[in-house]
Amino acid sequence: MKQLLLSLCVLSVVSTLTIAQDYKDFDDGVAKFRAHEYDAVIEMFSAMLAKPDHNKRFDEDLYFYRGQSYYHKNEYQKSLDDLSQSLTLNHYNKGIIHWYQARSFDKLGKKTEATAKYEEAVISAEKNKKVLAQILADRAQFHARNGDKAAADQDLAKAKSLDPSNKQVLDTPVKSTTPVTASRTTGDDKKTTQVIVKSNPSQNANNKPAQPVKSQQQNTPAQQNVQPVSTPAQQVNTELVAALASAYKDEKRYALVIGNSNYSKEIGTLKNPLNDATDVATELRKSNFEVQLVTNATYVQMREAMRKFHEKLTAGPMDQTVGLFYYAGHGVAYQDENYLVPIDADVKYEDDITRMCFPVQRMVLANMERSNSRMNIVILDACRNNPFPATTRSVSAGLGEMKRARGSFIAYATSPGSVASDGSGRNGLYTQELLKALRKPALSIEQVFKEVRMNVLRLSGEKQFTWDSSNIIGEFYFKFQ
């Protein structure tokens with residue numbers, strides 16, 4: 001029996017380390033993609049896909065990013081193969097996938113297939129105005145190269161009406177003559193230049209393959225998902241930040257922050273969550289969030305706070321509302337759901353958990369998804385030991401990974417199935433580093449949590465791996481300046 005338990009413990013540790021390494025490799029690969037290091041992306045993600053024991057949840061994104069990288073390396077058939085695989089795995093960003101497929105077919109000279117894929121891209125991206133504007137502006141160039149001036153003008157006019165803040169869309173010229181002049185830029189010079197595009201874009205005047213043109217770094221949230229930021233995370237791209245600040249100047253931000261510390265003796269009092277929640281609420285207010293702070297909440301109080309939070313998100317303007325939910329306190333994973341533990345929870349048996357604890361997937365994420373929020377941010381600093389000793393056999397250590405809701409960014413204090421300490425100072429280690437990152441201007445949400453992850457890993461002696469899960473499309477900055 002002891003040997004069996006030891007084996008299980010070893011397997012658990014190995015599994016956690018494997019997950020953490022996969023996450024680090026994936027994160028590094030995405031950073032390479034954003035830096036336009038496409039050869040490195042292809043090499044890294046190919047190695048991940050080749051590992052028999054890699055975390056399969058990454059596959060849809062591995063094919064998604066590798067497929068785009070193949071496109072930028074002019075390997076269009078490989079790009080099509082990877083993007084098709086990502087679609088098969090039901091990747092959420094279908095608009096971008098169809099768009100890149102259309103561009104690949106266009107490069108291969110397959111006009112019929114490209115036309116069909118452009119149409120699929122437009123349909124898939126119809127709910128995201130900024131991405132749709134980019135697709136329509138690009139399709140306008142496609143129509144122009146193929147002599148359909150009327151269709152090109154129609155697409156470009158619609159693109160400009162959808163995203164009037166996008167300077168590149170506004171400045172996009174469309175000419176019906178051959179050769180067609182298209183607005184492009186180089187990656188090193190952000191000023192617009194004119195590039196002559198022949199009727200066969202894959203060849204030049206000498207009938208030789210054309211040299212690839214580096215894609216322009218876009219100053220809009222939508223384009224960042226396609227042509228990512230090329231500067232290091234610590235550099236401030238003032239043009240990008242200024243454009244984003246202008247685009248989202250009317251954005252409504254609502255946050256529900258809960259911190260539970262004063263549990264019963266049976267469960268065990270926690271030192272930091274009350275401070276954590278209070279400090280996070282203060283910091284979010286400085287980032288223009290309207291914050292509802294609830295501390296030492298009972299089940300009824302948590303449910304009522306969620307109802308008010310959902311009302312705010314539902315009443316907010318469509319595509320101009322952001323919701324953020326933060327929780328610090330005890331949490332448990334039970335039957336494929338994560339539960340937050342109110343201070344009045346009296347759990348003696350396993351089925352008490354579903355009646356007395358607050359479900360994250362069914363109550364928090366589901367309600368945020370059913371609202372006008374364009375982005376739903378959930379931060380859980382609840383990865384502590386199981387507070388219910390009587391349920392040890394069925395309750396997992398730490399929290400489990402949740403299904404991604406539409407437009408959601410989910411952040412955990414540590415990786416699924418692992419636990420984090422409560423901390424010895426005013427704040428827990430995770431929230432301590434989160435607060436520091438939130439105070440830094442001009443960091444995207446991904447950069448904020450990457451910095452948190454790096455610092456928590458370093459300060460914990462590489463024992464605590466933070467975890468993020470995202471399917472957001474647009475951009476978000478806590479502080480623009």
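A salt bridge is a side-chain nitrogen of Lys or Arg within 4 Å of a carboxyl oxygen of Asp or Glu. Asp27, Arg453 and Asp468 are linked in a network of such bridges. The structure holds 24 salt bridges. This is a predicted model, in which local features need pLDDT of at least 70 and side-chain atom pairs count only at pLDDT 80 or more, while totals for chains, interfaces and linings use all residues. Residues are numbered from 1 along each chain as its sequence is written, and side-chain values use heavy atoms, with hydrogens and water left out.

**Terms for what follows**

- Helices (H or I, at least four residues) and strands (E, at least two) are DSSP runs, numbered from the N terminus.
- Buried means under 20% relative accessible area, exposed means over 50%, and partly exposed lies in between (1.4 Å probe, protein chains only).

**Salt bridges**

- Glutamate 251 forms a salt bridge with arginine 374, and their closest N and O atoms are 2.8 Å apart.
- This pair links distant parts of the chain, 123 residues apart. Glutamate 251 is in the loop between α10 (238-247) and β3 (252-259), and arginine 374 is in the loop between α14 (360-369) and β9.
- Glutamate 251 is buried at 10% relative accessible area, and arginine 374 is buried at 16%.
- Aspartate 153 forms a salt bridge with lysine 149, with 2.6 Å between the closest N and O atoms. The two are separated by about one helical turn, because they are four residues apart in helix α8 (residues 149-162).
- Lysine 436 and glutamate 433 meet in a salt bridge of 3.2 Å, N to O. Lysine 436 is partly exposed at 43%, whereas glutamate 433 is buried at 2%.

**Strand β9**

- Seven of the seven residues of β9 are buried.
- Met375, Ile377, Ile379 and Asp381 point one way from β9, and Asn376, Val378 and Leu380 point the other way.
- In a regular strand the side chains alternate between the two faces of the sheet.
- Strand β5 (residues 321-328) runs parallel to β9, joined by seven bridges. Two strands pair if DSSP finds at least two bridges between them.
- Strand β10 (residues 408-412) also pairs with β9 in the parallel sense, over five bridges. Isoleucine 379 stands opposite alanine 411 in β10.
- Aspartate 381 lies in β9 (residues 375-381) and is buried at 3% relative accessibility.
- The side chains of aspartate 381 and threonine 431 make a polar contact of 2.7 Å. A polar contact is a pair of N or O atoms within 3.5 Å; within protein, one must be able to donate a hydrogen and the other to accept it, and residues adjacent in sequence count only if both atoms are side-chain atoms.

**A three-strand sheet**

- An open sheet has the order β6-β7-β8, with antiparallel pairing.
- Its edge strands, β6 (331-334) and β8 (358-359), each pair on one side only.

- Helix α4 (residues 76-88) has 13 residues and reaches 18 Å from its first C-alpha to its last. That is close to the expected 18 Å, a span of 1.5 Å times one less than the number of residues.
- Among the buried residues of α4 are Tyr76, Leu80 and Leu83.
- Alanine 125 sits in the loop between α6 (111-124) and α7 (129-145). Alanine 125 is buried at 5%.
- Not counting residues up to four places away in sequence, alanine 125 touches Gly95, Val131, Leu132 and Ile135. Contact means heavy atoms within 4.5 Å.
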